[in-house]
Amino acid sequence: MPDKNLVPVRQKAFWAHVWLLLIAGVMTAPLVWMVLTSLKGPEQIAAAPYSWWPRPWHWENYAKAMQAIPFLRYLTNSVVLCLGSVLGTLFSCSVVAYGFARLRWPGRDLLFGMMIATMLLPWQVTMVPRFLVIRELGLYDSLGALIFPKFFGEAFYIFLLRQFFLTLPQEMIDAARVDGCSELGVLWRVVLPLARPALATVALLEFIAAWNDYGGPLLYLNDPQRFPLAYGLEQFVSSHSSEMHLLLAAAVLFTLPVVVLFFFAQRLFVRGITTTGLKD
Amino acid sequence: MQRNELKTGLTLISPWLIGFLALTLFPFLASLYWSFCEYDMLGSPRWVGLRNYRRLAAELADGGTFARALANTAYYAVVSVSLSVVMGITLAVSLSQKVRGRAIYRSLCFLPSVVPLVAASVLWMWLLDPQQGLVNGVLQTVHLPAQNWFQSTSSALWPSSWPADHMGRVFGSKDGLVLMSLWGIGNLLIIYLAALGDIPKGLYEAAELDGAGRVRQFLHITLPMLTPVIFFNVVMGLIQSVQAFTQIYLVSDGRGDPAGSTLTLSMHLFLTAFKDLDMGYASAMAWVMFVLVMLVTIWLFRTSRHWVHH
């Protein structure tokens, strides 16, 4: 005789899968639609009734989209922007986080509190004077305007790294100090090698933030030669607003690197979010 | 000895300290000062006392642009944050069931939140296209009225904004933005999932022994245990939705279109500063926005004593 409980449990699992498939389907449908539509021809997009599947497949949409904007130029700018931002962020945030985490000095907690408070300050409050400071430094209309500030640390990442540094064993740091290491030496030789996972999380989040940033280029860049992809894509929107298939092809190309990164580094994403709360 | 430590400490944090002074503290004080000035960025600031603030108060009183921007922001913030709580909890509870392939379902639900805002905006402008968009297509297959989304000034949850002959076409530009924000709920979802995982299993076992059904378990265990995260969600969601800019700028043609229905505070502020070059007025607006967000946050913290479970 079969176990009486077996059937309801199986049935329960079945309905759970139906429900989860529905949820996951709704969440991913826009992305599937984006990819499929980017491969359709304009006549199919306008035709009724609506059909999901491209007929025929217009792979050339991607080549066309890349020719419609100076794609390589934008891509180069994006890569420079991302690498510069990641470098600046890793350097500044790890040094600062170490100063806040592993060293006792008067006023430390007060300054740390102030740093946390700046996270709650809306960017609109400092937007205008900050713009003028960057302009006075002669950085207006260059990628430097976007990269330079990254060398001064960002509260969110400093907080994330500090939390991680606090978990490292004090004995190792003391041992290095006894061996005559300077504080920077301790950081470089002991702390950073141990903090690789946290550094990877910061690098990943900052890479994506720089890749996605739209407000920065909007504010600081004027010469199309310097546009990164995020901003160049928008220029494409305004000039080709009727060609949905090309537009979506460009959007797919722009999204792809981030999605690939996500699938390779899911754990880092999750850590970044759960250790410190939200990151938008 | 202490001085030495202070020196080392300050040296280590000096990158942040310099950035803080030059890129945060100075701008913070400068914008406060400029909010009392007339300033077009070309000449030098000219002190005008409370004029900018009086202008804001006047616009607020007679329903001018500032009042509308405030109302738009409030609608977007309240609707998107409250729906994000409901959706965050629903998705998290669904995704924490022990079923095969759970990790895949979770990844798929998180995925939209990594899509860059620029791409997501382009995508949603087309998804919500009144004629060719997927969403209206789905609505029509189930015999619901197609909506005008980003081409309409109507707000579904604000009946007085509905057009006279709406025939059920009540969703407009702000509702489109809300939908977009809910699509990117992934980050929040991870936090809810982590919180659900932290609830001691023993609580449910005890409740089951007492004969409590799943609904009662949810109401008396899950929900109270989630209140700290709900509170976090509400506070952060509020701060973030008030600051939301990129997606609004993109779907509204950089103007708050149609007819100012997506002109939120952050849009209005940006356009005042960098299109009208009215830095003084923009600074005053930024400070009013800052103080308002602070007051609401403080109020939320005060009420939290009554409903957040610690």
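Predicted model: local features only at pLDDT ≥ 70, side-chain atom pairs only at ≥ 80, totals over all residues.
The buried residues of helix 12 of chain B begin with a run of B:Leu265, B:Ser266, B:Met267, B:His268, B:Leu269 and B:Phe270, and B:Thr272 and B:Ala273 complete the list.

So what do the buried residues of helix 12 of chain B pack against? Within chain B, they meet helix 3 (65-95), helix 10 (214-243), helix 11 (246-251) and helix 13 (279-307). They also pack against helix 6 (123-136) of chain A, and that takes us across to the other chain.

Step back and look at how the two chains meet. On one side there are 69 residues of chain B, in contact with 71 residues of chain A. Helix 1 of chain B (residues 2-34) gives the largest share of chain B's side, 20 residues.

Now over to chain A itself. It's divided into domain 1, covering 6-62, and domain 2, covering 63-276. The C-alpha centres of these two domains of chain A are 34 Å apart. Where they touch, domain 1 of chain A puts in 12 residues and domain 2 of chain A puts in 13. On the domain 1 side, the elements giving two or more residues are helix 1 (6-37), helix 2 (42-46) and helix 3 (60-68) of chain A. That side of domain 1 of chain A is made up of 5 nonpolar, 5 polar and 2 charged residues.

Methods: Residues numbered from 1 in each chain as written. Chains lettered and ligands numbered in written order. Domains from an automatic or database assignment. Contact = placed C-beta atoms within 7 Å. Helix = DSSP H or I, 4+ residues; strand = E, 2+ residues; numbered from the N terminus. Nonpolar A, V, L, I, M, F, W, Y, C, P; charged D, E, K, R; others polar. Buried ≥ 20, exposed ≤ 12 C-beta atoms within 10 Å, placed from the backbone.
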